[in-house]
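Please look through the sequence and the structure shown here before reading on. The notes that follow take up a few local features in turn.

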Amino acid sequence: MTRSWLAQLNVARLKGPLDSPQLAGFMELLDGINALADAAPGFVWRHTDGTRHTVGLLGDPHLLVNLSVWESIAALRDFTYGSEAASAHARALGRRREWFDRMREAHQVLWWIPAGTLPTLEEAGERLRHLQTHRSSPYAFTFRSPRPPP
């Protein structure tokens, strides 16, 4: 049996440049939340491009990108909703309308990858597009419609 890891992408459409006064509050929180994720049980990897953030995906230069890998859905769920980080994350989410435009389409996608491999931004973008077009499937799913590992 091949062991699998969970890949996760979420995106947010920025209301302004990351260095703008409008996003200063978000940028102040970002390093702390990323550090909590990096130290969370079950965390495997987070995409970085040498900066504190990645912007631009799916042809949209205003999308803030968070691509990470976790050992399981439970590990990601615990980090997101049931940990010290969750309360910091919840505080940030409570202020999201200050920093991000409302997205009507899906902005988070989950999928399984073979343990020991890492997803690319291109693959992540394809999984998100697939979810937006076809809804949840084993190829691309959400917390609300989780799929078991292959």
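Predicted model: local features only at pLDDT ≥ 70, side-chain atom pairs only at ≥ 80, totals over all residues.

Most residues other than glycine have a negative phi. Arg-135, although not a glycine, has a positive phi of about 70 degrees, and its relative accessibility of 66% means that it counts as exposed.

## Helix α2

The buried residues of helix α2 (residues 73-81) include Ile-73, Ala-75, Leu-76, Phe-79 and Thr-80. Because they cover an arc of only 165 degrees around the axis, they sit on the same side of α2. The N-terminal end of α2 is capped by Ser-72, which places a side-chain oxygen 3.4 Å from the backbone nitrogen of Ala-74.

## Aromatic contacts

The structure holds 7 aromatic pairs. In one of them, Phe-43 and Trp-70, the ring centres are 5.3 Å apart and the planes meet at 80 degrees, so the pair is edge-to-face. This pair links distant parts of the chain, since Phe-43 in strand β2 (residues 43-46) and Trp-70 in strand β4 (residues 60-70) are 27 residues apart. Phe-43 counts as buried at 18% relative accessibility, and Trp-70 is buried with a relative accessible area of 1%.

Tyr-81 and Phe-143 also form an edge-to-face pair, with 5.6 Å from centre to centre and 65 degrees between the planes; Tyr-81 lies in helix α2 and Phe-143 in the segment after α5, 62 residues apart. Here Tyr-81 is exposed, with a relative accessible area of 57%, whereas Phe-143 is buried at 12%. Elsewhere, ring pairs link Phe-26, Trp-99 and Phe-100 into a cluster, and Arg-127 lies over the face of Tyr-139, 3.8 Å from the ring centre.

How values were computed. Residues numbered from 1 in each chain as written. Heavy atoms only, no water. Buried < 20%, exposed > 50% of the residue type's maximum accessible area, 1.4 Å probe, protein only. Helix = DSSP H or I, 4+ residues; strand = E, 2+ residues; numbered from the N terminus. Arc of directions from axis to C-beta. Polar contact = N/O pair within 3.5 Å; in protein donor to acceptor, adjacent residues only side chain to side chain. Phe/Tyr/Trp six-rings, centres within 6.5 Å; stacked < 30°, edge-to-face > 60°. Lys NZ or Arg CZ within 6 Å of the ring centre and 35° of its normal.
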